[in-house]
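Visitor: I have a chain to look at. Please walk me through it.

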Amino acid sequence: MVRPRGPWSDTVGSWGGVHAPSLLWGRISAPISQHWANLTATERARMARWATAAAALAISITNCVVGVETFLLVQLAFNGGQLNFDTTLGAPNFPAVVIAIVIGLIINVALGLSVFRPQLRWFVSGRPADRARRRAVQRIPGYQVIATLIAWSAAVLSYVLAANELTEKTVVGVAVAFMMAGFSSSCITYVFAERAARPLSVVALQDAPAQHVMHGVQTRMIAVWAVSSAVPMLGLLIINIGRWTGMLPPAVGPVDWATVVLAIVGLASGARVMVLVGRAIADPLVDLRRAVERVEQGDLSAQVAVYDSSELGVLQHGFNEMVEGLDERERMRELFARHVGDTVAELALERGVGMHGTNALVGVLFVDIVGSTSIAAQQDPQATVKLLNSFFTIVADVVDNHSGFVNKFEGDAALAVFGVPVVIDDPAAEALAAARDLAVRLEELPVRWGIGVSYGMSFAGNVGAEQRYEYTVIGDPVNECARLSELAKTSAVPVLAGDAAVGAAGDEAEEWSSVGSRTLRGRPRPTEVFAPAALIVEPANPSVGGVLSGLLRPARRVGLTGMMRLPSGFLGR
């Protein structure tokens, strides 16, 4: 048997799989509907039986307490406020009052269970809730109020039938007292039933949460006012009016115990309903507070159970929708950042929609694989993709370590920039250092490659149409580094940099040595070319001409220099 764990542990526990009081009192700390499928029919049935017994017990206790209070008030009102055995328990109408209260209690329990039973049968069946079922579950508190009022009305009729000596005064007095008791009891029952129906509400509302207010907070506060203030104060007025008009006998003795007991009853009843209403309002807010704390800690899976039909239920539903929206937004932001990079994503979110851009001095690094077309033709496509992913992972890691930004992955090549969109102190030095580190890291892969590094003024910003644009870097340094990478792929040294980059690199320039000048394809003047000193291997009897021709001569003839080339805009065509 599968048992739910975690957030529903208060409701489904180790004792026989069920904690019925938890079901009855609505102790819900998370959306139990997430675990509903794990409940077996046996567990559902057991929960329903215990919920029925607990509901009957709660209704009985509530009505017994109110009944005792009502009995004392009726007796004290008709005996002049004397608190003694002969005029209370020994009074002639004692049996009739007790019979009336007991009959009212039985009717209340029967009607109350008849309200719960159809919903519990549905709960045991495990069927999804339709619109009619949801409305029926939400109306449980209202039906319970009607049941309570009917029960106390029946109690009045029972008193009339059971009393031996009936007078107009006693019938009116008992009827008024029982109706006030019924009103007070119905208010308490309303609050209790709303709380007891919460687990059923969770299941019924899981597919269609409450979006309109029903059983609002204001209604609950009216119940508090009625029980703690309206009924006791009205009772005091009725007792005094009754004594003044002669409907009730005058008070005997220095203390009118009827008013004292009524005050005590008001305090006790007010405390009972305040606890119920306070918990009914506080519990959803506590759940929301805990869920907010989880969201603050980054847990966007936090949800709260929607079990309230008041403004709090609408708030619960709104919170869940808000968190789902945040989760979706975070996923989209993560996907966006993976496509364009974290820094560009943050810049786009900060600046909003628009063709933003600026001119800046940037270091540019271009790295390209040699013969990737031949590689792709000789092995499985999945193996080619795996190789390219390993290549790009190393590139992204090295560039990130040097505060750079990988602007593009183009087939078998990558373009990285330093100095935009995040400004750094020495973009030329960082680009050159990244090229040297990249040369070391790429030795791990079974491919040849060429790296070119350049530096200069470029435009960095959004380029394209208003409907679709991307962040990119355009300028002469981009073209130069692409040509240097092309030259490096066919040279003995696979890492080459332009004179502008080395000239602006400060201390990093000491790690680079000139290997001669070349007129790069598409450029009007020769460019002095530099290579990392650690990668230059000089011949045994070097000469100036021999060194230059050795370093820049093709390492081997390559028929196809790349699977995909950088777009012509980058190459200056």
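Visitor: Among contacts in the chain between residues at least 6 apart in sequence, what percentage join residues at least 24 apart?

Guide: This is a predicted model, where local features need pLDDT of at least 70, side-chain atom pairs count only at pLDDT 80 or more, and totals for chains, interfaces and linings use all residues. Residues are numbered from 1 along each chain as its sequence is written, and side-chain values use heavy atoms, with hydrogens and water left out. A contact means heavy atoms within 4.5 Å. Of the contacts between residues at least 6 apart, the share joining residues at least 24 apart is 74%.

Visitor: Which element has the lowest mean pLDDT?

Guide: pLDDT is the predictor's confidence in each residue, from 0 to 100. Helices (H or I, at least four residues) and strands (E, at least two) are DSSP runs, numbered from the N terminus. Strand E6 has the highest mean, 96. The lowest, 35, belongs to helix H18.

Visitor: Which helix gives the largest share of the nonpolar patch?

Guide: Helix H6 (168-196) and helix H8 (217-245) each supply at least two residues of the patch. Five residues, the largest share, come from H8.

Visitor: Is Leu237 buried or exposed?

Guide: Leu237 lies in helix H8. Buried means under 20% relative accessible area, exposed over 50%, and partly exposed in between (1.4 Å probe, protein chains only). Leu237 has 52% relative accessibility, so this residue counts as exposed.
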